[in-house]
Amino acid sequence: MSRSRPANPLWKRLQRRWRAWRGYDQVKTHEVDWVWEGGVRYKRVTFQSRAEADAVAAALNAMAPIQRFPSLVRAEGSAIWVDYLDKDRFSAIESSALGSFFVELYGHQAATQTLEPATTLLVAMVNDLSALEQASLLNAAQCQAIDQFAHKLAPAMVSTGFDYVDAVEKNFLVSDGRLMGIDVEALLGDQWLGMGLAKAEYRGLLDVESVVQSLGDPFAQQYPLVRLAFLVSYFQQKLEQGKPGHIRVSALLDLI
């Protein structure tokens with residue numbers, strides 16, 4: 001016999017419904033529950049499709065060797081079950097531990113990452129910049145300057161693979177002395193490697209210099225471009241979600 005309850009508080013669930021009613025784009029459409037089965041607590045994530053669930057399950061299996069995410073227990077249709085992690089008492093998210101998290105995440109994929117032409121990323125940036133200009137967040141001259149700077153930064157090829165794309169403080173915890181990424185829905189494949197690190201940097205969680213130095217090339221060559229692409233796409237995403245308060249244009253303009 002099992003029992004369950006929603007993992008997110010009522011106000012958060014109502015907020016999502018309100019945003020959907022207002023017509024804002026909803027990035028998080030899945031449902032998260034705590035489930036007790038046989039006296040053991042698990043986290044169950046139910047997606048809108050089986051394809052989404054399978055993709056996250058595949059990502060968890062691929063990253064299982066680094067032991068930085070909850071273990072996959074099972075997949076059932078459009079839902080996945082993962083282990084529940086207890087948080088260490090009085091633990092804090094240290095910058096050095098977060099740096100080690102990303103070094104292991106990206107370093108583990110050194111032999112399996114896929115290389116894509118940088119032009120693919122640059123084209124996507126143009127589309128996002130156009131949206132920012134239409135919303136009057138940037139003017140035409142600023143967009144042109146960002147695009148030109150991106151082309152100067154771009155290596156011929158950019159690595160893609162699994163990344164932890166929602167790297168904000170609440171999505172990490174320390175369990176048994178080890179920093180873990182607990183928002184398993186944010187572990188996605190086919191990402192420009194460095195997008196997660198760029199978000200953690202934008203949120204002021206760490207200084208990325210030591211991470212980039214530890215990883216070396218080719219990551220060091222592509223990270224400046226990926227960081228730029230992250231900011232452009234993130235700002236465009238926040239406009240669609242009706243969250244302008246998350247946008248700090250100076251972080252983008254200071255790079256060029």
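Pro218 lies in the loop between helix 7 and helix 8 (219-240). The peptide bond that leads from Asp217 to Pro218 is cis, its omega being near 5 degrees. Helices here are DSSP runs of H or I with at least four residues, strands are runs of E with at least two, and both are numbered from the N terminus. The model is a predicted one, in which local features need pLDDT of at least 70 and side-chain atom pairs count only at pLDDT 80 or more, while totals for chains, interfaces and linings use all residues. Residue numbers start from 1 along each chain as its sequence is written, and side-chain values use heavy atoms, with hydrogens and water left out.

Helix 7 spans residues 209-215 and contains Ser214.

Two residues have a positive phi without being glycine. Ser136 has a phi of about 65 degrees and belongs to the loop between helix 4 (118-134) and helix 5 (140-153). Because its relative accessibility is 64%, Ser136 counts as exposed.

The other case is Asp190, with a positive phi of about 60 degrees. Asp190 is part of a strand, namely strand 10 (residues 187-192). Its relative accessibility is 73%, so Asp190 counts as exposed.

How values were computed
Buried < 20%, exposed > 50% of the residue type's maximum accessible area, 1.4 Å probe, protein only.
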